[in-house]
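Me: I have a structure open and would like to learn how to read it. Could we take it one feature at a time?

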Amino acid sequence: MMKDSHQTTVNDCGVIDIRKYYDNRGYLSVIEGGVDIPFEIRRIYYLYMVPETSRGAHAHKQLQQLMIATSGSVHVTLDDGRQRKTFVLDKPWKGLLVAPGLWRDLDNFSGGTVCMVLASEKYEAEDYIRDYQCFLSFKGL
Ligand code: TYD
(Lines give C-alpha, C1' and ligand atoms only; values in the text may rest on other atoms or scores of the structure.)
Protein backbone atom coordinates (compact mmCIF):
# COMPACT_ATOMS: atom_id res chain seq x y z
CA MET A 1 0.00 0.00 0.00
CA MET A 2 1.54 3.29 -1.15
CA LYS A 3 1.92 6.05 1.48
CA ASP A 4 -0.05 9.26 1.18
CA SER A 5 1.85 11.34 -1.39
CA HIS A 6 2.32 14.21 1.10
CA GLN A 7 4.38 11.80 3.24
CA THR A 8 6.49 9.97 0.66
CA THR A 9 10.27 10.27 0.76
CA VAL A 10 13.12 9.44 -1.59
CA ASN A 11 13.51 6.21 0.42
CA ASP A 12 10.19 4.99 -0.98
CA CYS A 13 11.87 4.87 -4.40
CA GLY A 14 14.52 2.61 -5.80
CA VAL A 15 15.99 0.82 -8.76
CA ILE A 16 14.55 -2.61 -9.50
CA ASP A 17 15.92 -5.37 -11.70
CA ILE A 18 13.50 -5.94 -14.54
CA ARG A 19 12.83 -9.57 -15.36
CA LYS A 20 15.01 -10.72 -18.24
CA TYR A 21 15.19 -13.82 -20.39
CA TYR A 22 18.34 -14.74 -22.22
CA ASP A 23 19.07 -17.31 -24.90
CA ASN A 24 21.27 -17.43 -27.99
CA ARG A 25 18.98 -14.85 -29.64
CA GLY A 26 19.78 -12.28 -26.93
CA TYR A 27 17.77 -10.72 -24.11
CA LEU A 28 14.12 -10.03 -23.63
CA SER A 29 12.81 -8.01 -20.68
CA VAL A 30 9.21 -7.82 -19.58
CA ILE A 31 7.13 -5.76 -17.17
CA GLU A 32 3.57 -6.70 -16.31
CA GLY A 33 1.50 -4.11 -14.49
CA GLY A 34 0.55 -5.21 -10.99
CA VAL A 35 2.99 -8.15 -11.18
CA ASP A 36 6.51 -6.77 -11.69
CA ILE A 37 5.56 -3.27 -10.52
CA PRO A 38 3.02 -2.17 -7.90
CA PHE A 39 0.62 -0.46 -10.32
CA GLU A 40 -1.33 -1.08 -13.50
CA ILE A 41 0.12 0.65 -16.56
CA ARG A 42 -2.25 3.22 -18.08
CA ARG A 43 0.26 5.18 -20.16
CA ILE A 44 3.73 4.91 -21.68
CA TYR A 45 5.79 7.83 -22.91
CA TYR A 46 9.44 8.17 -23.79
CA LEU A 47 12.06 10.88 -24.09
CA TYR A 48 14.60 10.74 -26.90
CA MET A 49 16.87 12.96 -28.99
CA VAL A 50 17.30 15.04 -25.83
CA PRO A 51 19.92 17.79 -26.30
CA GLU A 52 22.28 18.80 -23.47
CA THR A 53 19.59 19.92 -21.10
CA SER A 54 17.55 18.83 -18.12
CA ARG A 55 13.91 17.79 -18.08
CA GLY A 56 11.35 17.16 -15.41
CA ALA A 57 11.44 19.91 -12.79
CA HIS A 58 8.04 18.96 -11.44
CA ALA A 59 6.30 16.63 -9.00
CA HIS A 60 3.16 14.54 -9.31
CA LYS A 61 0.44 14.43 -6.69
CA GLN A 62 -0.70 10.87 -7.42
CA LEU A 63 1.16 9.46 -10.40
CA GLN A 64 3.43 6.44 -9.91
CA GLN A 65 6.08 5.75 -12.53
CA LEU A 66 8.75 3.34 -13.59
CA MET A 67 11.59 4.99 -15.55
CA ILE A 68 13.92 2.96 -17.74
CA ALA A 69 16.83 4.03 -19.93
CA THR A 70 16.09 1.41 -22.59
CA SER A 71 19.15 2.76 -24.39
CA GLY A 72 21.92 5.10 -23.20
CA SER A 73 21.94 6.64 -19.72
CA VAL A 74 20.33 9.36 -17.67
CA HIS A 75 20.59 10.68 -14.10
CA VAL A 76 17.33 11.05 -12.19
CA THR A 77 17.38 13.16 -9.03
CA LEU A 78 14.45 12.75 -6.67
CA ASP A 79 13.70 15.23 -3.93
CA ASP A 80 11.16 14.95 -1.09
CA GLY A 81 11.77 18.49 0.20
CA ARG A 82 14.20 17.29 2.90
CA GLN A 83 16.44 14.86 1.07
CA ARG A 84 17.69 14.40 -2.49
CA LYS A 85 18.87 11.19 -4.10
CA THR A 86 20.34 10.70 -7.57
CA PHE A 87 19.88 7.44 -9.43
CA VAL A 88 21.82 6.50 -12.56
CA LEU A 89 19.81 4.59 -15.14
CA ASP A 90 22.18 3.02 -17.64
CA LYS A 91 20.92 -0.50 -18.33
CA PRO A 92 17.77 -1.64 -20.13
CA TRP A 93 17.00 -4.05 -17.26
CA LYS A 94 17.13 -1.38 -14.54
CA GLY A 95 13.98 0.53 -13.68
CA LEU A 96 13.51 3.34 -11.18
CA LEU A 97 10.23 3.14 -9.28
CA VAL A 98 9.15 6.69 -8.50
CA ALA A 99 6.60 7.15 -5.73
CA PRO A 100 4.08 10.01 -6.02
CA GLY A 101 4.77 13.34 -4.31
CA LEU A 102 8.44 13.73 -5.26
CA TRP A 103 10.18 16.44 -7.23
CA ARG A 104 12.25 15.03 -10.11
CA ASP A 105 14.98 16.33 -12.38
CA LEU A 106 16.41 14.35 -15.28
CA ASP A 107 19.80 15.33 -16.66
CA ASN A 108 23.11 14.00 -17.99
CA PHE A 109 21.41 12.29 -20.92
CA SER A 110 24.06 10.49 -22.94
CA GLY A 111 23.82 10.69 -26.74
CA GLY A 112 21.12 8.41 -28.13
CA THR A 113 19.36 7.87 -24.80
CA VAL A 114 15.80 6.66 -24.86
CA CYS A 115 14.14 7.08 -21.47
CA MET A 116 10.87 5.20 -21.28
CA VAL A 117 8.34 5.91 -18.56
CA LEU A 118 5.52 3.59 -17.54
CA ALA A 119 2.83 5.51 -15.71
CA SER A 120 -0.05 4.54 -13.44
CA GLU A 121 -2.46 7.13 -14.88
CA LYS A 122 -3.32 8.84 -18.13
CA TYR A 123 -2.05 12.38 -18.64
CA GLU A 124 -3.66 14.83 -16.23
CA ALA A 125 -2.28 18.37 -16.18
CA GLU A 126 -3.87 18.88 -12.72
CA ASP A 127 -1.66 16.16 -11.26
CA TYR A 128 1.48 18.25 -11.88
CA ILE A 129 3.16 20.59 -9.39
CA ARG A 130 5.52 22.76 -11.44
CA ASP A 131 6.50 25.31 -8.82
CA TYR A 132 9.08 24.25 -6.22
CA GLN A 133 7.63 26.44 -3.45
CA CYS A 134 4.18 24.93 -4.08
CA PHE A 135 5.83 21.51 -3.89
CA LEU A 136 7.32 22.33 -0.47
CA SER A 137 3.89 23.48 0.74
CA PHE A 138 2.39 20.22 -0.58
CA LYS A 139 4.93 18.37 1.58
CA GLY A 140 4.01 20.53 4.58
CA LEU A 141 7.43 22.24 4.58
P1 TYD B 1 6.64 17.83 -19.98
O2 TYD B 1 5.79 17.38 -18.83
O3 TYD B 1 7.03 19.27 -20.02
O4 TYD B 1 7.95 16.94 -20.08
P5 TYD B 1 8.95 16.48 -18.90
O6 TYD B 1 8.50 15.08 -18.54
O7 TYD B 1 10.33 16.49 -19.42
O8 TYD B 1 8.73 17.41 -17.77
O9 TYD B 1 5.85 17.46 -21.30
C10 TYD B 1 6.15 18.03 -22.57
C11 TYD B 1 4.87 18.18 -23.37
O12 TYD B 1 4.26 16.92 -23.62
C13 TYD B 1 3.83 19.03 -22.68
O14 TYD B 1 3.27 19.92 -23.64
C15 TYD B 1 2.75 18.06 -22.25
C16 TYD B 1 2.89 16.93 -23.24
N17 TYD B 1 2.56 15.61 -22.67
C18 TYD B 1 1.38 15.00 -23.00
O19 TYD B 1 0.56 15.54 -23.76
N20 TYD B 1 1.11 13.76 -22.50
C21 TYD B 1 1.97 13.13 -21.65
O22 TYD B 1 1.69 12.00 -21.23
C23 TYD B 1 3.20 13.79 -21.28
C24 TYD B 1 4.19 13.14 -20.34
C25 TYD B 1 3.46 15.02 -21.81
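Reply: Start with polar contacts. A polar contact is a pair of N or O atoms within 3.5 Å; within protein, one must be able to donate a hydrogen and the other to accept it, and residues adjacent in sequence count only if both atoms are side-chain atoms. Here, a polar side-chain atom of Arg43 lies 2.4 Å from an oxygen atom of the ligand. For Arg55, a side-chain N or O atom is 2.6 Å from a ligand oxygen. For His58, the distance from a polar side-chain atom to an oxygen atom of the ligand is 3.3 Å.

Me: What should I know about the model itself?

Reply: This is a predicted model: local features need pLDDT of at least 70, side-chain atom pairs count only at pLDDT 80 or more, and totals for chains, interfaces and linings use all residues. Residues are numbered from 1 along each chain as its sequence is written, and side-chain values use heavy atoms, with hydrogens and water left out.

Me: Which residues surround the ligand?

Reply: A residue is near a molecule if one of its heavy atoms lies within 4 Å of it. The ligand is surrounded by Arg43, Tyr45, Arg55, Gly56, His58, Tyr123, Tyr128 and Arg130.

Me: Which strand gives the most to that shell?

Reply: Strands are DSSP runs of E, at least two residues long, numbered from the N terminus. β5 gives the most, with 3 residues. Both β4 (43-48) and β5 (55-60) supply at least two residues.

Me: How do I read strand pairing?

Reply: Two strands pair if DSSP finds at least two bridges between them. β7 (residues 74-79) and β8 (residues 84-89) pair in the antiparallel sense over 6 bridges. Thr77 has Thr86 in β8 as its bridge partner. The two strands form a hairpin with 4 residues between them, and Gly81 in the turn has a positive phi of about 100 degrees. β7 also runs antiparallel to β10 (residues 103-107), joined by 5 bridges. There, Asp79 is partnered with Trp103.

Me: Is β7 mostly covered or mostly open?

Reply: Buried means under 20% relative accessible area, with a 1.4 Å probe and protein chains only. β7 is mostly covered: 5 of its 6 residues are buried.

Me: Where is Thr8, and is Thr8 buried or exposed?

Reply: Thr8 sits in the segment before β1 (14-17). Thr8 is buried, with a relative accessible area of 2%. Its side chain reaches the backbone oxygen of Pro100 at 2.6 Å. Contact means heavy atoms within 4.5 Å. Not counting residues up to four places away in sequence, Thr8 touches several residues, including Met2, Asp80, Leu102 and Lys139.

Key:
Buried means under 20% relative accessible area, exposed over 50%, partly exposed in between (1.4 Å probe, protein chains only).
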